Amino acid sequence: MIVNQPTSLSLDNSALRYHFSAWEVLLEVIDDFDRFHQETLDGSEVTWNLEFQEYLGKSLYELEQIYTYLSQASEIKLRSMVCEVSPFLLLANSENKFKSGAGDVDFTELRTVDAVDLPALVNVSGNRKLPDDFVRSYHGVRSQRNKIMHLGAGPKKFDHLEVISALVSQYQCLWEGKRWFKNWVEHSSSTRYAHFHDEKYSSEYTGVILYVPTLSMLLTKSQFRVLFGFSKSIRRYICWSCCEAACVERNGFDPRDLKTAVLAGGDQLNCAVCEEQYRIRRCQCRAEGCKGNVILDEDDMDPMCLTCGSYYEEP
């Protein structure tokens, strides 16, 4: 009997862990610099551009981590896609193991298809064909990963925008139709940091929501739409449930910088992160200097302006 057969779901979850681990390393690198210089890093108006490039030059170890995670995410996701048909399609030259007659055979100890052959295997075994651009990127990243793993020869230049492009393209191709933020929150709840989630100062939402300003600066319009699910130019509003779950104010952040919800119809708000829907009404906010007119209107929640975050007092 063959035991420990992989499932498509278990491999998919593993691939997502690598994908979001790559994002977290990248965003930590960028946020560490921004914390000292407080400047935008979107490639258009970077006052500290020279210093930033020098800083990235000293962050090549982190870039090696990102390439390793990026490669692992793609490889394991492709194996997951093959498993949707049958895990046995992953086996390669395992006849001797089966002939031994020594009892149960552990699937994890069998030789499986080499990573270089996975795109072709996916194309012939499933109902979808991988885009040529993805296959080229897959082999390029895999080659870079092999240099890192076997020769310690990592990349010589850290282009953060190029890495972002690779990560967005990976998710768009391999998890088409899935919700990026939902997957990220699920990943956050399964990391070692989840041990410290006390729901008072941190939760699985904290490490996700607090990166929203950085993502908003760095992502292009098309990348933003892929990950957030709506246009970058559309007006966004505070999702108070997300901000409370992420313990935003206790961590010293301003909810006005962390807007993740958009209008959906005349009296409804949808959040890209928690995916909750909230009823709203149109009333002019009474807070000084605020021109907002979108007020939370849920029976079990206090009315508040979702533009500035202040509580709304009935006239």
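Is Cys242 buried or exposed? I am working from a predicted model, and in it I find Cys242 buried, with a relative accessible area of 1%.

I next searched the whole structure for disulfides and found 0.

I then turned to the nonpolar cores. The largest has 84 residues, and Trp23 and Leu215 are those with the most contacts inside it. Helix α1, residues 8-37, gives this core its largest share, 12 residues. Leaving out residues up to four places away in sequence, I listed the contacts of Trp23 as Ile164, Leu167, Val168, Trp180, Leu215, Leu219 and Leu227. Apart from this core lies another, of 6 residues, among them Cys285, Cys290, Ile295 and Cys305.

Last, I checked the backbone for positive phi. Most residues other than glycine have a negative phi. Asn4, although not a glycine, has a positive phi of about 60°; Asn4 sits in the loop between β1 (2-3) and α1 and is partly exposed, with a relative accessible area of 49%. Cys247, also not a glycine, has a positive phi of about 55°; I placed Cys247 in the loop between α12 (240-245) and β3 (261-263), where Cys247 is buried at a relative accessible area of 2%.

Definitions and conventions. Residues are numbered from 1 along each chain as its sequence is written. This is a predicted model: local features need pLDDT of at least 70, side-chain atom pairs count only at pLDDT 80 or more; totals for chains, interfaces and linings use all residues. Side-chain values use heavy atoms; hydrogens and water are left out. A nonpolar core is a set of buried Ala, Val, Leu, Ile, Met, Phe, Trp, Tyr and Cys residues joined through side-chain atoms within 4.5 Å. Buried means under 20% relative accessible area, exposed over 50%, partly exposed in between (1.4 Å probe, protein chains only). Helices (H or I, at least four residues) and strands (E, at least two) are DSSP runs, numbered from the N terminus. Contact means heavy atoms within 4.5 Å. A disulfide is a pair of cysteine sulfur atoms within 2.5 Å.
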